[in-house]
Amino acid sequence: MVDMLVLDGRDERLTFLGLDGILTATCCPNCAGFLDGPAFNRFTLDGGVKVFPSKTFDGSEKMDCYVRPEDYKALTENPFVLGKVPVPLFYGAPCEDVNTIGGFANWVQDWEYTVCPHCGKPMKYLAQIQWDTVMDGTEGTLYVEFCPDCQIVSMQHQQT
């Protein structure tokens, strides 16, 4: 498991999150594209995280790992930081290597907004991460949503 996104809601640039603490989105980058539905985790405002069990699209709980150990290391040392200047809401595009926080999802396929598995309310869109910006030779986009009430994060992968 890798912390794909860690955001501190107390940062003034992230006040739209409505969180007085840390949101952590954790998933297996190898498995994310093979899941039957999104990957989920619960975060605590002190930075803690509990990953929910997932199943792959073929019903198995395990699969071969195609991510090399050095790529996992690179993922855990992710150098991305928030920009100092806001960008337009539709800046992210699947044809560009751009990761976004906030705004609107630019879905590679069709939209797939998630409902919270705890309360059943629609989750709020949070971010999109282009896989090739975090792992060379990969494709697709990881979409991150969250439920601020239940402190649950959803992550799903799409690619062409």
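## Sheet and strand order

Two strands count as paired if DSSP finds at least two bridges between them. This is a predicted model. Strand E7 (residues 141-147) and strand E8 (residues 152-158) meet that test: they pair in the antiparallel sense over 7 bridges. Within this pair, Val 144 stands opposite Met 155 in E8.

E7 and E8 belong to an open sheet of 6 strands. Its order is E4-E3-E8-E7-E6-E5, and the pairing is antiparallel. Strand E4 (49-51) and E5 stand at the edges. Each has a single partner strand, so one side of each is left without a neighbour in the sheet.

## Strand E3 and its partners

E3 takes its place in the order between E4 and E8. Towards E8, the pairing is antiparallel over 4 bridges. Here the bridge partner of Ala 39 is Met 155 in E8. Met 155 is also the residue that Val 144 stands opposite.

Towards E4, E3 runs antiparallel, joined by 3 bridges. Asn 41 stands opposite Val 51 in E4. E3 and E4 form a hairpin, with 5 residues between them. In the turn, Gly 47 has a positive phi of about 100 degrees. E3 is largely enclosed by the rest of the structure, because 4 of its 5 residues are buried.

## Strands E1 and E2

E1 and E2 form an antiparallel pair over 6 bridges. Asp 3 stands opposite Thr 26 in E2. Burial marks E2 as well: 5 of its 6 residues are buried, so the rest of the structure largely encloses it.

## The loop residue Phe 34

Phe 34 is found in the loop between strand E2 (22-27) and strand E3 (39-43). Its relative accessibility is 31%, so Phe 34 counts as partly exposed.

Leaving aside residues up to four places away in sequence, Phe 34 touches Thr 56, Phe 57 and Met 63. Phe 34 and His 157 are 123 residues apart in sequence. In space, their C-alpha atoms are 8.3 Å apart.

## Cysteines

The structure holds 0 disulfides. Cys 28 is in no disulfide, and the nearest cysteine sulfur, that of Cys 31, is 3.2 Å away. Cys 28 is itself buried, with a relative accessible area of 13%.

## The largest pocket

About 920 Å³ of space lies in the largest pocket. Its lining is made of 30 residues. The closest to its centre are Val 81, Leu 82, Gly 83, Thr 100 and Ile 101. Three elements are named as giving two or more residues to the lining: strand E1 (2-8), strand E5 (100-101) and strand E6 (124-130).

Which element gives the largest share of the lining? That is E1, with 6 residues. By class, the lining has 19 nonpolar, 7 polar and 4 charged residues.

Key: Residues are numbered from 1 along each chain as its sequence is written. This is a predicted model: local features need pLDDT of at least 70, side-chain atom pairs count only at pLDDT 80 or more; totals for chains, interfaces and linings use all residues. Side-chain values use heavy atoms; hydrogens and water are left out. Buried means under 20% relative accessible area, exposed over 50%, partly exposed in between (1.4 Å probe, protein chains only). Contact means heavy atoms within 4.5 Å. On a 1 Å grid over the protein atoms alone, a cavity is a set of points where a 1.4 Å probe fits but cannot get out, and a pocket is an open set with protein on both sides within 12 Å along at least five of seven lines; lining residues have an atom within 4 Å of a point. Grid points are joined across faces, edges and corners, and a volume is the space filled by probe spheres set on the points. Ala, Val, Leu, Ile, Met, Phe, Trp, Tyr, Cys and Pro count as nonpolar, Asp, Glu, Lys and Arg as charged, and the others, Gly among them, as polar. A disulfide is a pair of cysteine sulfur atoms within 2.5 Å.
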